[in-house]
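Me: I would like to go through a model with you. Please keep the answers plain.
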Amino acid sequence: MTGIGIHDIELVTTHDVLDLAALAEVRGVDPAKYEIGLGQTRMSVPAADEDVVTMGATAAARLLERTGTEGIRSLLFATETGVDQSKSGGMFIHGLLGLPSAMRVAEVKQACYAGTVALQSALGVIARNPEAKVLVVMSDIAKYELGGSGEPTQGAGAIAMLVSANPALVEIEPETGMFSADVDDFWRPNDSTTAVVDGALSLKAYLDALTGSWDDYLANGGHAIEEIDRFLYHQPFTKMARKGHRELAKYAGTALSEDTLEPSFIYNRELGNTYGASIYSALTSLLHHDEELAGKRIGFFSYGSGSTGEYFTGVVRADYREHIYVEPIQTELAARNTITFEEYAELHETVLPSSEDVETPRVTKAPYRFAGIRGGARQYEATA
Ligand code: CAA
């Protein structure tokens, strides 16, 4: 076996998009605060018939078209935006895609960190059985109160990745550093569709988890900072990654270039926060836009409020460029439907109670849609 890691990756977003300049105008804010201060340009907004399941299913279907399902015996679904308190969102995807029944399907939660739990679990499964492959799906909708401080950092998107031995894209190295602390920086009560956030505390908790997990990474045999060529950070907004990079450089007592961060920002500036998918959207953006990655070591800082951080590294394969697929996400980003502030506010405020049967309007052009609620159960269907 020649290493374990990410063999293939696919990024998907929503049908609708809100320009942050339109939001700034309504909120009476200088648009430069969002564009430069937060480093965000637009945010993806789910249409009435889209959610984390439809985005995740679309990402997984695109990826499986290339890889097939041979050897996949686990589907791990990571989300903050679960659609059911009991049933895994992954089970709906399993059904929509007609995946084999001989498969483990489960959902993982720890705010924006859940995707990394799924990835690390997948690496463990493959360490036990190098023939195994794991489908990891991370799908989230970042939603804050209308008019609140977090509003311009909303967003939506999903990542599907195939984790296997001898991966075509990035081999994940075994050294890893962890940091957990129980803190009320960001959470979402069971009866709320929007997150509650203490903005200033969330920034501090993020940076504490970064330096804490970095210390643990080094204590567990991690590479010296000089041996890391590119740096990826969880990106609730892209400026946060820049803040993290500056903090890590100061903490490690070294100078780190900020120019190498730029290629990892391109997609997330357009998507907004995608919570668990965010650092892997950043990885996709880096793979698609940095042309000198072959053999380079990437540092990953994954963070989930509440809070857990993990620092780990991966090395990009020499021939990775033959295995990246730039066209689907770039076409999708360009084709999004720009909505007005009023349309955004209406979508934001629409909450469907599970007690009422409802059919959703047909909007999405994606291959799967959320059709509505019947008998308390969510209904999904293929659009074609
Ligand atoms: N032109 C250019 N820049 C401007 C500007 C202007 N006209 N006006 C303000 N700015 C700059 C500010 O100087 C500031 O930059 P610095 O941070 O570099 O100083 C930046 O814009 C933001 O301004 P404020 O700090 O005044 O913004 P705010 O208080 O209104 O909100 C926030 C910022 C607290 C991060 C808010 O967006 C928020 O609550 N977001 C959600 C929470 C979040 O994402 N936290 C991140 C860590 S937690 C995490 O990572 C988990 C997760 O996914 C949620």
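Me: How far is an oxygen atom of the ligand from an N or O atom in the side chain of Ser149?
Reply: The distance from Ser149 is 2.9 Å, where a polar contact is a pair of N or O atoms within 3.5 Å. This is a predicted model, in which local features need pLDDT of at least 70 and side-chain atom pairs count only at pLDDT 80 or more, while totals for chains, interfaces and linings use all residues. Residues are numbered from 1 along each chain as its sequence is written, and side-chain values use heavy atoms, with hydrogens and water left out.

Me: What about Asp30 and Lys239?
Reply: The side chain of Asp30 has an N or O atom 2.9 Å from a nitrogen atom of the ligand.

Me: Which residues around the ligand come nearest?
Reply: They are Lys33, Ser202, His234, Lys239 and Lys243, out of 24 residues around the ligand; a residue is near if one of its heavy atoms lies within 4 Å.

Me: Changing topic: at what angle do helix 6 and helix 7 cross?
Reply: Helix 6 (residues 199–219) and helix 7 (residues 238–252) cross at roughly 45°, and their axes come within 10 Å. Helices here are DSSP runs of H or I with at least four residues, and strands are runs of E with at least two. Axes are lines fitted to C-alpha atoms over the stretch in contact, with angles from 0 to 180 degrees between N-to-C directions. The two helices are therefore oblique to each other, since angles under 35 degrees count as roughly parallel, over 145 as roughly antiparallel, 65 to 115 as roughly perpendicular and the rest as oblique.

Me: Which residues of helix 6 meet helix 7?
Reply: Leu203, Tyr206, Leu207, Leu210, Thr211, Trp214 and Asp215 do so, with contact meaning heavy atoms within 4.5 Å. Among their partners in helix 7 are Met240, Lys243 and Tyr251.

Me: And how do helix 3 and helix 4 pack?
Reply: Helix 3 (residues 52–67) and helix 4 (residues 89–96) pack at about 50°, with axes 9 Å apart. Helix 3 contributes Val53, Gly56, Ala57 and Ala60 to the contact, and helix 4 contributes Gly89, Phe92, Ile93 and Leu96.

Me: Last one: which residues does the cis peptide bond join?
Reply: Gly306 and Ser307, with omega about 5°. Ser307 is in the loop between strand 12 (297–304) and strand 13 (308–316).

Conventions: A polar contact is a pair of N or O atoms within 3.5 Å; within protein, one must be able to donate a hydrogen and the other to accept it, and residues adjacent in sequence count only if both atoms are side-chain atoms.
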